[in-house]
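Hello,

Here is the structure I promised to pass on. My notes on its charged side chains follow below.

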Amino acid sequence: MKYYTWEKSHLFRTVLVLCFSILIVSCGEEEPPDGSDESAFVLENGWVQYETSSGMTVDAYYNHPVSETTVPAVIYNHGKYVEENGYDGAVAYGYDITDFSDALANSGYAGIAPLRLRPPLPTADDGRFDATIQTLQDQTDIDDGNIFMYGFSRGGLLTLQYTVNDDSDLKGVILVSPSPGSDTDGGSNEFADELENLNDLSVPFLVLLGESEPNPTITHNCTTFVNQMESLGKDISFYTFTGTTEDPADHSWFYLVRSDYWTKIDSFVLANSNQ
């Protein structure tokens, strides 16, 4: 019968534990059978965070209608009021961006609304939109071939600027009373500047506008954009809304989700997604 000294038996146990630990780690790092990336960030309903390629953190509100069911997704890009006053300030004024993600989920689509806060001035190429699209594409319950972008006011301007640069990851675009941009501060009309860059657009557009829009430049930009898109043979739909005498369809009318125009958005996404 053999007896081990303390040193030998301790060494044996140490080696055994080390081998067992390596076995556990190697099993944990094994690639999933479907080839998916287990390390991909999984979105859960509510407020979420993800990063751009430059390391900037993006806060966004997300709502998926049915977990583990693959659905189209819509990115909601909010207006300047949220940029300047923050989420809480906008809510106090009656503009809650979470309402739009929730409404999209109620329509059967995943809705995500990334926050853009100043300073610095958010831009279409600061990586925020790319990160949002990539995060959606990484989800197993998002149809990455059916991602739409919906921009209101300054969010509409940034959406157009982003899209004319590259619309390859999008299935369709919705513009609601898009802001002219810096012309409100006495500068140039940034939206009009993009009208020379429409040739390469390949996705359908939906444009919505209130008849009581107080900024005539917005009305002019929308009609000019629609006319030029039509002259180029692009797929575009355009609707205006009157509201009521007590509640006219001005710019802030679109701060709320309203059935008047929401049916157009719902129909647009449904008609242009591969469902």
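Is E84 buried, exposed or partly exposed? At 47% relative accessibility, E84 counts as partly exposed. The cut-offs: buried is under 20% relative accessible area, exposed is over 50%, and partly exposed lies in between (1.4 Å probe, protein chains only).

Some ground rules. This is a predicted model, where local features need pLDDT of at least 70, side-chain atom pairs count only at pLDDT 80 or more, and totals for chains, interfaces and linings use all residues. Residues are numbered from 1 along each chain as its sequence is written, and side-chain values use heavy atoms, with hydrogens and water left out.

A salt bridge here is a side-chain nitrogen of Lys or Arg within 4 Å of a carboxyl oxygen of Asp or Glu. The count comes to six salt bridges.

E83 pairs with R118, closest N and O atoms 2.6 Å apart. E83 sits in helix 2 (residues 80-93) and R118 in the loop between strand 4 (110-114) and helix 4 (128-137), so this bridge ties together parts 35 residues apart in sequence. Helices (H or I, at least four residues) and strands (E, at least two) are DSSP runs, numbered from the N terminus. E83 is buried at 2%. R118 is partly exposed at 31%.

E83 also bridges to R154, at 2.8 Å between the closest N and O atoms. R154 lies in helix 5 (residues 154-165) and E83 in helix 2, so the linked parts are 71 residues apart in sequence. R154 is buried, at 8%.

R118 also meets E84 in a salt bridge, 3.5 Å from N to O. Shared partners join E83, E84, R116, R118 and R154 into one network.

Best wishes
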